[in-house]
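Let's take a walk through a protein model together.

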Amino acid sequence: AQIAALIAALQEKQMEIETVEQSHEDDLLAEFLERARREKMAELERIRADLDVVVGDMRLLEDRRGQGFIRDVLERCKDEQHMPADMLSKRRKLEANFAELQERYLRINAATPADHPNATGEGRSGVVRGFAEDLYKFSRYNGFVVKATLKHGSRDNENSTGTGEVYNASNIVSSIEFDRDCEFIATAGVMKRIKIFELQNITNNLVDIHYPVKEMVTRAKLSCLSWNSYIRSHLASSDYEGVVTLWDTQVCQAVAEFEEHDKRAWSVDFSKISPTNFVSGSDDGRVKLWSTTHASSVFTIENRANICCVKFSPEVPQHVAYGSADHAVYLYDIRNIRKPLFTFRDHSKAVSYVKFLDGETLVSASTDSTLKMWNLRTGQLDRTFTGHRNDKNFVGLSVNADADYVACGSETNSVYTYYRELPRPFLAHRFGAANPLTGEETEDDAAQFVSSVCWNPKVPTQLLAANSQGTIKLLELKS
């Protein structure tokens, strides 16, 4: 009897425990379901709000274009066989990138409510037209046309006087730059030569090989070039020995050499607004400001890690940005170099390039395979661009004259182009490998990479791109 009573007591205790556990389970389930309901209701409210804006924007469009406009467009889109080729290409690009475009549209909605005037005071109609402009700029071009191909390669036999150049493995082009008037192109790289090409000769002459009009031999491998915006013939270079050199390209001679860096100098840049000033950055962790009127540097910014790139603002003459091996981007006002105006830390590897889109926007490139766009008014990250591959090499970065498109190289031997408002590339152009004897392109070589890019400052659709075999292409955006 005692055993039966004990068993009954244990069973009763077990039932109590199970009842408590069931109660806890139901409590947790109730809490979860209520939270899920609230979140889904909030999500539904957001969807309803977004839908209201979409429907409102559709009404705005039909008010402007006429009732039935959207229906007519959708009817035309059903007949792809009779659709113009350029429109079909744009439509397919829209479909392929719909998620990113929708995210951009919804982000604009969040930033500018329907009843709030935009920056131009036009209200919602101005916002809608702004997004329509985004769609147009993103889908406008379908690819690049190769207008000309240059060879930066050196002769294996330096004493050769023949015209047949043999292209070896050390022909990486590290820098391409248009001069002040966009009439000449300067190229430089690890082959210890600066070559000057005339743009008109390149575009007008239908020949296989274009030769430089001038050439300057340097004592070290070159990392970067920068033309002076005032004295047309002046060109600055930085090299692997840490020397910054000022050249007169008219006479092909060095005007001055600046030798204060202790290690390799990766970058040099003339100020567009104060053309006597230029800056350089080096593996010694120093950014130096120079003047063409002084034999020594004006000041030095000390950094704890290697400096990979440095750039003057095109609109604010006192602003200098640089990228570092410590994964950060720094913006300084050179009137007060004790501390930076901003330090941007979102890259996960070394920052290889910085470029200004305008006085308030900066874009950086890193060997973490991303580009990042920074807002210089707020100090915030506006956008991260992904799609190219860049794990270890300098692959180039350039912003076009309209500040709409950003181009960079890739370790897939391709050049990628991004529209500034969207995170994915809309165009890519692949280089082929080069035959070591003729320089002609063959099947692609996975070991090659695009090493430098530069938009024409006066022609926003024209891009120069070079790869690690010394092949330079003049590319033109095509609709």
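**A guided tour of the chain**

The protein chain exposes about 24300 Å² of accessible area, with carbon and sulfur atoms supplying 51% of it; areas like this come from the Shrake-Rupley method with a 1.4 Å probe, and for residues only the protein chains shown count as cover. What you're looking at is a predicted model, where local features need pLDDT of at least 70, side-chain atom pairs count only at pLDDT 80 or more, and totals for chains, interfaces and linings use all residues. Residues are numbered from 1 along each chain as its sequence is written, and side-chain values use heavy atoms, leaving out hydrogens and water.

So how confident is the predictor? The score to look at is pLDDT, the predictor's confidence in each residue, from 0 to 100. The protein chain averages 88, and 90% of the residues score at least 70. Where pLDDT is low, the predicted coordinates should not be read in detail.

Next, the layout. The protein chain has six helices and 30 strands (DSSP runs numbered from the N terminus: H or I over at least four residues for helices, E over at least two for strands). Of its 479 residues, 47% are buried; buried means under 20% relative accessible area, exposed means over 50%, and partly exposed is in between, using a 1.4 Å probe and protein chains only.

Which residues have the most contacts inside the largest nonpolar core? They are Phe 144, Tyr 405, Val 415, Phe 426, Trp 455, Leu 463 and Leu 477, in a core of 19 residues. A nonpolar core here is a set of buried Ala, Val, Leu, Ile, Met, Phe, Trp, Tyr and Cys residues joined through side-chain atoms within 4.5 Å. Strands β23, β24, β25, β28, β29 and β30 each supply at least two residues of this core, and β28 gives the most, with three. Zoom in on Tyr 405: leaving aside neighbours within four places in sequence, its contacts (heavy atoms within 4.5 Å) include Lys 137, Tyr 141, Phe 426, Trp 455 and Leu 477. There's also a second, separate core of 15 residues, which includes Leu 150, Ile 176, Cys 182 and Leu 199.

Now for the charged side chains. Side chains of opposite charge can pair when their charged atoms come close. The structure holds 32 salt bridges, each a side-chain nitrogen of Lys or Arg within 4 Å of a carboxyl oxygen of Asp or Glu. In one of them, Arg 286 and Glu 302 meet at 3.2 Å, N to O. Arg 286 lies in strand β12 and Glu 302 in strand β13, so this pair ties together parts that are 16 residues apart in sequence. Arg 286 is partly exposed at 22% relative accessibility, while Glu 302 is exposed at 51%.

Another pair is Asp 346 with Lys 372, whose closest N and O atoms are 2.8 Å apart. Asp 346 sits in the loop between β17 and β18 and Lys 372 in strand β20, so the pair ties together parts that are 26 residues apart in sequence. Elsewhere, Arg 104, Asp 134, Asp 358, Arg 383, Arg 420 and Glu 421 are linked in a network of salt bridges.
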